[in-house]
Amino acid sequence: TTDKIIDPYALHFMDAPSSIDFGAPGTFGTCQESRNTYNGGGRPNEFMGPSLWSSDLAVFGTSNPEAVEYLSDLYGFAVDLGSHLDMLHESPLCMGMAWDFDNVYWVFDGYHETIVRYDFAVDHGVGYDDHSDGIIHTYAEGEVSYEEGVPSHIEIDQDARLLYIADSGNQRIAIMDLESGEEGSRIRPQEPGTTYVQYDDADIWTFIDGGDAGFSSVSGLELAGGYLFASDNASGTIIAFDMDGNEVDRLETGLAPGALMGLAVVSLDEIWFTDAIENTVHRLTPAE
């Protein structure tokens, strides 16, 4: 036995986070642009995917003594897996995430260049590690493209059951019908006990072509107030489109190329966006 806590293993649950979305009350999910090196402690093993967390600040970022004791006894050495509620491991270089319902999230898998539906089912509790009830369905493999360092955010239109995709590598905004696709072959999962299935023939199409719309590296994406907002990582521009794909307005943020990434649109009068170069968050409101 040893008294060393496995910090690198615990940290891999949020190694290089690229995207976030709040889910069922009291929870949120993150995705990581990582191939998993256990915080630089080893070679990439691709054992990486979305994580589920408590949004309770009294829980998030803390250790659960009961989980530490249980896992340490189970493995024969000290193990502290932090505050994560669950994790699944089939999407290295995960670049976008959107909550659907219960503990179901959709993600942009950059490593396999596919869209994946993750169902965490019942979370294992704070700091434990039983992920065996997870269900993973993969869609539209090869029809989206990864761009290194540029998150590809995704947004769900619940009423229409459509997924809007910032397809950064293909310089477009795509749409996928969440109700389309037919169950295909089973895939051998990295994590024993989980269910991993390929779905074929999902309907996915180009909604807005970047060449036509004047953007080259779409990253942030948000549906709000009957409009679709997108951020262009290359130019630092935020563009608003109507739901027919017509440009309504655009804003030059003045950020350097490669800086503008995520968006959060509270209302048409309040937009937040990130600057990944200066490590800042900006709030945009109308001039008084």
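The model is predicted. Its secondary structure consists of three helices and 21 strands. The radius of gyration is 19 Å, close to the 19 Å that the globule rule gives for 288 residues, so the chain is as compact as a globular protein of that length.

**Overall build**

- The C-alpha trace spans about 60 × 45 × 35 Å along its principal axes.
- Of the 288 residues in the chain, 50% are buried.
- Among contacts between residues at least 6 apart in sequence, 56% join residues at least 24 apart.

**Surface and charge**

- The chain exposes about 13100 Å², and carbon and sulfur atoms supply 49% of that area.
- There are 52 negative side chains and 10 positive ones.
- The centres of these two sets of charges lie 6 Å apart.

- Y139 belongs to strand β8, which covers residues 135–139.
- Y139 has a relative accessible area of 5%; because buried means under 20%, Y139 counts as buried.
- Leaving aside residues up to four places away in sequence, Y139 touches W106, T114, I115, R117, M176, S180, Y199 and A202.
- A276 is 137 residues from Y139 along the chain, and the C-alpha atoms of the two are separated by 29 Å.

**Strand pairing around β13**

- Strand β13 (residues 195–200) pairs with β8 in the parallel sense, over four bridges.
- In this region T138 stands opposite Q198 of β13.
- Strand β13 also pairs with strand β12 (residues 182–186), here in the antiparallel sense and over three bridges.
- R186 stands opposite V197 of β13.

**Residues with positive phi**

- D102 is not a glycine, yet it has a positive phi of about 45°.
- D102 sits in the loop between β5 (94–101) and β6 (104–109).
- The relative accessibility of D102 is 54%, so D102 counts as exposed.
- E113 is likewise not a glycine and has a positive phi of about 50°.
- The loop that holds E113 runs between β6 and β7 (114–119).
- With a relative accessibility of 27%, E113 counts as partly exposed.

Definitions and conventions. Residues are numbered from 1 along each chain as its sequence is written. This is a predicted model: local features need pLDDT of at least 70, side-chain atom pairs count only at pLDDT 80 or more; totals for chains, interfaces and linings use all residues. Side-chain values use heavy atoms; hydrogens and water are left out. Helices (H or I, at least four residues) and strands (E, at least two) are DSSP runs, numbered from the N terminus. The radius of gyration is taken over C-alpha atoms; the globule rule is 2.2 Å times the number of residues to the power 0.38. Buried means under 20% relative accessible area, exposed over 50%, partly exposed in between (1.4 Å probe, protein chains only). Contact means heavy atoms within 4.5 Å. Accessible areas come from the Shrake-Rupley method with a 1.4 Å probe; for residues, only the protein chains shown count as cover. Lys and Arg count as positive and Asp and Glu as negative; His and the chain ends are not counted. The place of a charge is taken as NZ of Lys, CZ of Arg, CG of Asp or CD of Glu. Two strands pair if DSSP finds at least two bridges between them.
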